[in-house]
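Please examine the sequence and the structure shown below. The briefing that follows is arranged by topic for a reader new to them.

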Amino acid sequence: MTYKEALKSSTAGVEADPLRADFRKFMWLVWKYINLPDPTAAQYDIARFLQTGPNKICIEAFRGIGKSFVTSAFVLWILYCNPQMKIMVVSASKNRADNFVTFTMQLIQLIPELHHLKPKPNQRSSRVEFDVGPAEPDQTPSVFAKGIDSQLTGGRADIIVSDDVEVWNNSQTVAARDMLIEKTREYSAILKPLDHARIIYLGTPQTEDSIYNKLAETFTKRIWPAQVPTQEERPGYGDDLAPMVEAMFLKGHYGQPVDPERFDLDELIDRRSEYGAAGYQLQFMLNTKLSDEEKYPLKLKNLIVMPVPPEKAPYDVHWLPNPDRQLKDLPVYGMAGDKYFSAAGHSAQWETYQHRVMAIDPSGRGKDETGYAVGFMLASNIWVPQAGGLQGGYDPETLDELVRIAKKHKVQTIVIESNFGDGMFGKLLEPVLLRAGVYAEIVEVRSNTMKEMRILDILEPVVSQHRLIVDPSVVEDDHNTIQVYEGLVRSHKSLFHQMTHICRMKDALRHDDRVDALAMLVGHFVELMNQDARKTASTIHEESMRAEIAKLHLSPLNKAFGTHRVTWGGKSGLI
């Protein structure tokens, strides 16, 4: 077994004991003593992953499969194999962690084969922490419980079991999720620096932006959904689907129960009705991608990524998200499974851009950036050659860099958010533009609506219709410019993280400077397109009326009447 060397005790006969050789046999014994049916195939599969998996693992399994029970038995098995091990159990609430420890202690009292692990009179024995009998004296108990909000440091552990630390209350905002991630990072300070030290996450994701989707690459994740995913659902799991479920999928058992002995198809249908479609996808199918499809409407896959020509561009560009057009070399800050795709082709007709605009979202002297985005309009497409954020607000270095960018792209109009400083930023920028020979019109905009709603109302129609074309250098520069920030903040500064993680909730984003500038840019072009549409409609109406008047003038019936001079649309004629 994988952890034989780490777990073997000083007692001889480890190899001869079948309970020590295979955790699944140990679990079967525990199930018998607590009057449960034999473990199911899915529970055995989880047990095998616990025993043979790497040091850092994450187990996502649907509600009711018994993952906490299985892991509690695994904790006992660890102590059965090596009583000197120290195990910390962490949950979202201290009470849940205490219940895990209490249940483990009750099993020791109940099962005769474990009676030698009972705490001695001079050892710790409570629902919060306990020692096992053979354990040598140590400051750290054999098993102890902590709530994620409590002080985690102070003890050392060989194994940390992180049992459902993400719940609804601590994961519904970006700030809350960031705080939760920061707390789980304390695990590394508690874990002993030994080869056998392990971190085991057990959980059910509460959102697509779940902390389980953000675990370091050193973690191996396995997912056991309630039903075998369909072909449509399968891509949402990536490489994380449990092998037994993957085998069922490959056999074409789409929609069949993964653990029919506990939840048959009728029971799952009832659960779907009880939880609703979105709730069922989260709590039972563990497919966050589908459950939040509408909550986060801006997808990277709906962009067209191609080099933006400096002067002329194709009149029409085609979007087709085929796998052969996926741009795998670009850094992705979108949701799990989201991808960039290059253009599938374009028209032979090229035209000069109709208008060139730069949008700026100024910042003060705080932690916010000055966001900017440059765009060119041609027909109904918006081409973005450069976008990003600059550290600083109205200092000379920031103003000079913005003017340099505007001059490089021959910007004709600069749109500035005037909420900050009541238009002061535009006044500061104007002389810098003149000194650089940039004669762009400055347009100030002000918004009184909720920022998240405004950004989505502007961007969603354009992005979903594949009208936003982004230069690959924008993605690369976005990644490069956020590297100056610390790890916890870094991804939140990315334009494409902000774009894909915004939803119609107040304070949905920790930072929104870059995506706000992009929305201002697109919003200005949308207004221009609407104006052009009104002009076109008015012109068509005038031409139609002239044609009708001409028909009347040529009609034989009109000969009986005299001629009259009329004026229409600024032009006069005889009828």
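Apart from its neighbours within four places in sequence, His115 is in contact (heavy atoms within 4.5 Å) with Ile108, Gln109 and Leu110. This is a predicted model, in which local features need pLDDT of at least 70, side-chain atom pairs count only at pLDDT 80 or more, and totals for chains, interfaces and linings use all residues. Residues are numbered from 1 along each chain as its sequence is written, and side-chain values use heavy atoms, with hydrogens and water left out.

- His115 belongs to the loop between α6 (94-110) and β3 (129-130); helices (H or I, at least four residues) and strands (E, at least two) are DSSP runs, numbered from the N terminus.
- With a relative accessible area of 32%, His115 is partly exposed; buried means under 20% relative accessible area, exposed over 50%, and partly exposed in between, with a 1.4 Å probe and protein chains only.
- A distance of 8.8 Å separates the C-alpha atoms of His115 and Gly133, which are 18 residues apart along the chain.

**The chain as a whole**
- The chain contains 18 helices and 20 strands.
- Of its 575 residues, 51% count as buried.
- Among contacts between residues at least 6 apart in sequence, 70% join residues at least 24 apart.

**Helix α5**
- Helix α5 (residues 67-81) has 15 residues and spans 21 Å from its first C-alpha to its last, close to the 21 Å expected at 1.5 Å a residue; the expected span is 1.5 Å times one less than the number of residues.
- Because 14 of the 15 residues of α5 are buried, the helix is largely enclosed by the rest of the structure.

**Helices α12 and α13**
- The axes of α12 (residues 396-408) and α13 (residues 424-435) come within 10 Å and cross at roughly 60°.
- This makes α12 oblique to α13, as angles under 35 degrees count as roughly parallel, over 145 as roughly antiparallel, 65 to 115 as roughly perpendicular and the rest as oblique.
- In α12, Leu399, Asp400, Leu402 and Val403 meet Phe425, Leu428, Leu429, Val432 and Leu433 of α13.

**Positive phi values**
- Lys410, in the loop between α12 and β16 (413-417), has a positive phi of about 55° although it is not a glycine.
- His466, also not a glycine, has a positive phi near 60°.
- His466 lies in the loop between α14 (451-464) and β18 (468-470) and counts as buried at 17% relative accessibility.

Key
Axes are lines fitted to C-alpha atoms, for helices over the stretch in contact, and angles run from 0 to 180 degrees between N-to-C directions.
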